[in-house]
Amino acid sequence: MKMSEIIEEVSTLYRSELSHRRELQDEYNDVVRKLLKADHERGENITLAEYQYLKARKIALQQFIGEADKYCEGVSDVRELLMGLGFDTEVE
């Protein structure tokens, strides 16, 4: 197997994880928007349970995004390391 094939696999994983991270960020932005709207309207159009869920989800998403950032950074570092070894290297 050539190193270029391994690099392509790692690159595919990296792109997939970046896509997942973007989805988390989109959900986070939506939750923040809903919380801001609820705060602006002083809770008139939202139940307490919904508000508490949004607050908890915001915290969870912040953690998930942080973890996804670290994971993507690690995969990127591995990719860079592999590219430094050369694309034509044979690997068993």
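This is a predicted model: local features need pLDDT of at least 70, side-chain atom pairs count only at pLDDT 80 or more; totals for chains, interfaces and linings use all residues.
The protein chain has 2 helices and 0 strands, where helices (H or I, at least four residues) and strands (E, at least two) are DSSP runs numbered from the N terminus. The radius of gyration, which is taken over C-alpha atoms, is 20 Å for this chain, well over the 12 Å that the globule rule gives for 92 residues, so the chain is more spread out than a compact globule. The globule rule itself is 2.2 Å times the number of residues to the power 0.38. Along its principal axes, the C-alpha trace spans about 65 × 15 × 15 Å.

Helix α1 covers residues 3–40 and helix α2 covers residues 48–85. For α2, the 38 residues should span 56 Å at 1.5 Å a residue, and the end C-alpha atoms are 56 Å apart, which agrees; the expected span of a helix is 1.5 Å times one less than its number of residues.

How do the helices meet? The buried residues of α2 are L54, L61, I65, A68, C72, V75 and L82, and these residues pack against α1. Here buried means under 20% relative accessible area, exposed means over 50%, and partly exposed lies in between (1.4 Å probe, protein chains only). Of the 92 residues of the chain, 18% count as buried. Contact means heavy atoms within 4.5 Å, and residues 24 or more positions apart account for 80% of the contacts with a separation of 6 or more.

R21 lies in helix α1 and counts as buried, at 19% relative accessibility. Leaving aside its neighbours within four places in sequence, R21 is in contact with I65, A68 and D69, and two of these partners, I65 and A68, are also listed among the buried residues of α2. The side chain of R21 also makes a polar contact with the side chain of D69, at 2.5 Å. A polar contact is a pair of N or O atoms within 3.5 Å; within protein, one must be able to donate a hydrogen and the other to accept it, and residues adjacent in sequence count only if both atoms are side-chain atoms.

A salt bridge is a side-chain nitrogen of Lys or Arg within 4 Å of a carboxyl oxygen of Asp or Glu. In one of them, the side chains of R57 and E27 meet at 2.8 Å, N to O. This pair links distant parts of the chain, with R57 in helix α2 and E27 in helix α1, 30 residues apart, and E27 is partly exposed, with a relative accessible area of 30%.

Another salt bridge joins D30 and K34, whose closest N and O atoms are 3.3 Å apart. Being 4 residues apart in helix α1, D30 and K34 are separated by about one helical turn. An α-helix has 3.6 residues a turn, so residues three or four places apart point the same way. D30 is partly exposed at 29% relative accessibility, and K34 is partly exposed at 43%. D30, R33 and K34 are linked in a network of salt bridges. E8 likewise forms a salt bridge with R15, the closest N and O atoms being 3.1 Å apart; E8 is partly exposed at 43% relative accessibility, and R15 is partly exposed at 45%.

Finally, we come to the loop between α1 and α2, where R42 is placed. R42 is exposed, with a relative accessible area of 75%, and has a positive phi of about 55° although it is not a glycine. Most residues other than glycine have a negative phi.

Key
Residues are numbered from 1 along each chain as its sequence is written. Side-chain values use heavy atoms; hydrogens and water are left out.
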